[in-house]
Amino acid sequence: MIAMFSLSLILILASCIYFTNAVEWLGKKLNLSQGVIGSIFAAVGTAMPETIIPIIAIVFHKGQASEEIGVGAIVGAPFMLSTLGFFVTGASAIIYALFRKRPFKITTSLTGFQRDMSYFIIIYSLAVITSIVNNYIDIKNIVSIAILVSYFVYVIRTFSSKDDSLRDLKNLYFSNQFHLKPTINLIILQLIFSLLGISYGAHVFIKYTEQVSAMAGVPPAILSLIITPIATELPEKLNSILWIGQKKDTLALLNITGAMVFQSSVPVAIGMMFTDWNLTGLTMLTTVLALISSYISLIYAASKKSLSPFILMAGSIFYCIFLLQLL
């Protein structure tokens, strides 16, 4: 069991290495900016596996339990990214800097970071407010459509951004291994291969995490609210760690923030359409903490015109608040 647990983690890490390499080459071939590669291609690609699970639970498995699990998973993703995701990214920059692999300062596209954070805060706040007022006015279906439209506006705006293009790309791994030119078809093949590896590795990792937790006597509530969400957001965190190590800070940060925008848009809109969308207790707490953590990072970036790894690591404070409330 421990061996399978470890192998699944290795598979996720290896797949993430192949994924970051493939998505960089895809961006180069399509002449895309780092903003598009990080905020859309990388973010949506790695967010898709854990997004499908709650949607299936809500749409195809009717019942109160399925609805609660689905909504909990939907709001859990932005929370994990805005707290632990930020913390891991900031901590990685500091650790790499201590080993003299990179400078302490995070050099990212502030325009892209502020764009993503602004969209996230506005869209997610709207979803939270809708949960509060929906008992008095049935507006959630209208708001859900508005949120979906907002995400498409965000995508268009991101494609029109002026972020720098990628430089210093490593050779495409499939190109080296099969001794072929890095054509668009080979790039897409590596991208699909890596996403399948990420999805399967995450599935096995979660399965054996549950078994190991059961053996250790971890309560189901702790498993569903702490361990499983950390596991499902592992690909985004590993991608950001890899890019931080390569000094590709824009990709590292926008991979996290772009995933936050996507997770607060498409899954949230579907959740609003197919559930009562009544956020209470710990579910409401996670949304509030995610918004506060994001707002602090946005205000710091806007006022200081820079982004410190320490301000990103502050996201762990809000995760600890959640843990204290839970335990």
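**Figure 1. Confidence along the predicted model.** Helices (H or I, at least four residues) are DSSP runs numbered from the N terminus. For the protein, the mean pLDDT is 86, and 91% of its residues reach 70 or more. Where pLDDT is low, the predicted coordinates should not be read in detail. This is a predicted model, in which local features need pLDDT of at least 70 and side-chain atom pairs count only at pLDDT 80 or more, whereas totals for chains, interfaces and linings use all residues. Residues are numbered from 1 along each chain as its sequence is written, and side-chain values use heavy atoms, with hydrogens and water left out.

**Figure 2. The aromatic pair of Phe79 and Tyr319.** The structure holds 13 aromatic pairs. The rings of Phe79 and Tyr319 are stacked, because their centres lie 5.8 Å apart and their planes meet at 25 degrees. Rings of Phe, Tyr and Trp (its six-membered ring) pair if their centres lie within 6.5 Å; planes under 30 degrees apart count as stacked, over 60 as edge-to-face and the rest as tilted. This pair links distant parts of the chain, with Phe79 in helix α3 (residues 64-98) and Tyr319 in helix α14 (residues 315-326), 240 residues apart. Phe79 is buried, at a relative accessible area of 1%, and Tyr319 is buried at 6%. Buried means under 20% relative accessible area, exposed over 50%, and partly exposed in between (1.4 Å probe, protein chains only).

**Figure 3. The surroundings of Phe318.** Phe318 lies in helix α14 and is buried, with 11% relative accessibility. Not counting residues up to four places away in sequence, Phe318 touches Phe79, Thr83, Leu289, Ile292, Ser293 and Ile296. Contact means heavy atoms within 4.5 Å.

**Figure 4. Further aromatic rings.** Phe120 and Tyr124 both lie in helix α4 (residues 110-133), four residues apart, which is about one turn of the helix. Both Phe120 and Tyr124 are buried. Elsewhere, ring pairs link Tyr18, Tyr173, Phe174, Phe178 and Phe193 into a cluster.

**Figure 5. The setting of Ala301.** Ala301 belongs to helix α12 (residues 281-304) and counts as buried, with 0% relative accessibility. Apart from neighbours within four places in sequence, Ala301 is in contact with Leu110, Phe113, Gln114, Ser306 and Leu307. Val204 is 97 residues from Ala301 along the chain, and the C-alpha atoms of the two are separated by 38 Å.

**Figure 6. The loop residue Ser33.** Ser33 is found in the loop between α1 (2-29) and α2 (34-59). The relative accessible area of Ser33 is 10%, so this residue is buried. Setting aside neighbours within four places in sequence, Ser33 is in contact with Thr158, Ser161, Asp163 and Asp164.

Figure 7. Of the 18 residues that line the second largest pocket, Gln34, Arg167, Lys247, Lys248 and Asp249 are the closest to its centre. On a 1 Å grid over the protein atoms alone, a pocket is an open set of points where a 1.4 Å probe fits, with protein on both sides within 12 Å along at least five of seven lines; lining residues have an atom within 4 Å of a point.

Terms used. Helices (H or I, at least four residues) and strands (E, at least two) are DSSP runs, numbered from the N terminus. pLDDT is the predictor's confidence in each residue, from 0 to 100.
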